[in-house]
Amino acid sequence: MAVLKWLSICLTLFCQGTAASKPCRWTQFRLGKLNDVSIDLLSDRGGLFPLMCAEENVEQMFPEDLYKNTEGEDVYVVALEAMRYVEQLYNNSLTSVSWNKTKLNMFQNVIYRQVQNLELCVVGGVWESSGDGWSVTLKTYFNKLNTVLKEKEHSACAWEIVRKEIRENLVQFKKFIDSRVKP
């Protein structure tokens, strides 16, 4: 009887451990692919940077070394924090944009899927920034993007600036993922 109880406990623990690790295994294979889809959707959604917005264009705000400064950090925590900021940003008013709405919705859904799956990988799905330099830099960067949107009253050109910036962010994020997540 004691052997049966012991076997039952071991089987339960094994099944829970397997279930808990599946989303992270999923992320190992899908995070990079979904990021590629996001980059493509951002590129295709609005085409080239509009000439009418050329005067409003700003220098690249994305700190190129941001993801390089995450050495020793859990890749899933970094990814979750970055994707949550992107998700929050694209929950702002998008009424002024003339982008392909289907591609915009697809982009938002892909980002949402990444956040949902990353939350399963991070213990409890709690978003607690470590407060390290990379985290503060990431937050500052997204605050700047929100400021651009507010100062330009969520205009079409403001969103084009954000689209260009987020695309660059995702390209750098892709390099980060490729260097840290091995299938």
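A: The link between cysteine 53 and cysteine 157 is left-handed, with -80° about the S-S bond. This is a predicted model, so keep in mind that everything here is computed from it. The two sulfur atoms sit 2.1 Å apart, which is within the 2.5 Å cut-off for calling the pair a disulfide. A disulfide, by the way, is a covalent bond between the sulfur atoms of two cysteines. Searching the whole structure turns up one disulfide.

What does the bond hold together? Cysteine 53 lies in the loop between helix H1 (2-46) and helix H2 (75-89), while cysteine 157 belongs to helix H5 (residues 156-180), so the pair ties together parts that are 104 residues apart in sequence. Are these cysteines buried or exposed? Cysteine 53 has 1% relative accessibility, so it counts as buried. Cysteine 157, at 7% relative accessibility, counts as buried too.

Now follow H5 along to its partner, H2. The axes of H2 and H5 come within 12 Å and cross at roughly 165°. Angles over 145 degrees count as roughly antiparallel, and that is why H2 and H5 get that description. Their crossing is left-handed. On the H2 side, the residues that meet H5 include Val75, Val78, Ala82 and Leu89. On the H5 side, the residues that meet H2 include Trp159, Val162, Ile166, Phe173 and Phe176.

Phenylalanine 173 and phenylalanine 176 are three residues apart in helix H5, so about one helical turn separates them. Both are buried. Ring pairs also link them into a cluster with Phe62, Tyr67, Tyr85, Tyr141 and Phe142.

The count for the model comes to 10 aromatic pairs. In one of them, the ring centres of tyrosine 90 and phenylalanine 107 are 4.9 Å apart and the planes stand at 70°, so this pair is edge-to-face. It links distant parts of the chain, with tyrosine 90 in the loop between H2 and helix H3 (101-121) and phenylalanine 107 in helix H3, 17 residues apart. Tyrosine 90 and phenylalanine 107 are buried as well. Compare the pair of phenylalanine 173 and phenylalanine 176, which is tilted, with 6.0 Å centre to centre and 35° between the planes.

Notes:
Residues numbered from 1 in each chain as written. Predicted model: local features only at pLDDT ≥ 70, side-chain atom pairs only at ≥ 80, totals over all residues. Heavy atoms only, no water. Helix = DSSP H or I, 4+ residues; strand = E, 2+ residues; numbered from the N terminus. Buried < 20%, exposed > 50% of the residue type's maximum accessible area, 1.4 Å probe, protein only. Phe/Tyr/Trp six-rings, centres within 6.5 Å; stacked < 30°, edge-to-face > 60°. Axes fitted to C-alpha atoms, helices over the stretch in contact; angles between N-to-C directions. Parallel < 35°, antiparallel > 145°, perpendicular 65-115°, else oblique. Left-handed = near helix turned anticlockwise from the far one by under 90°. Contact = heavy atoms within 4.5 Å.
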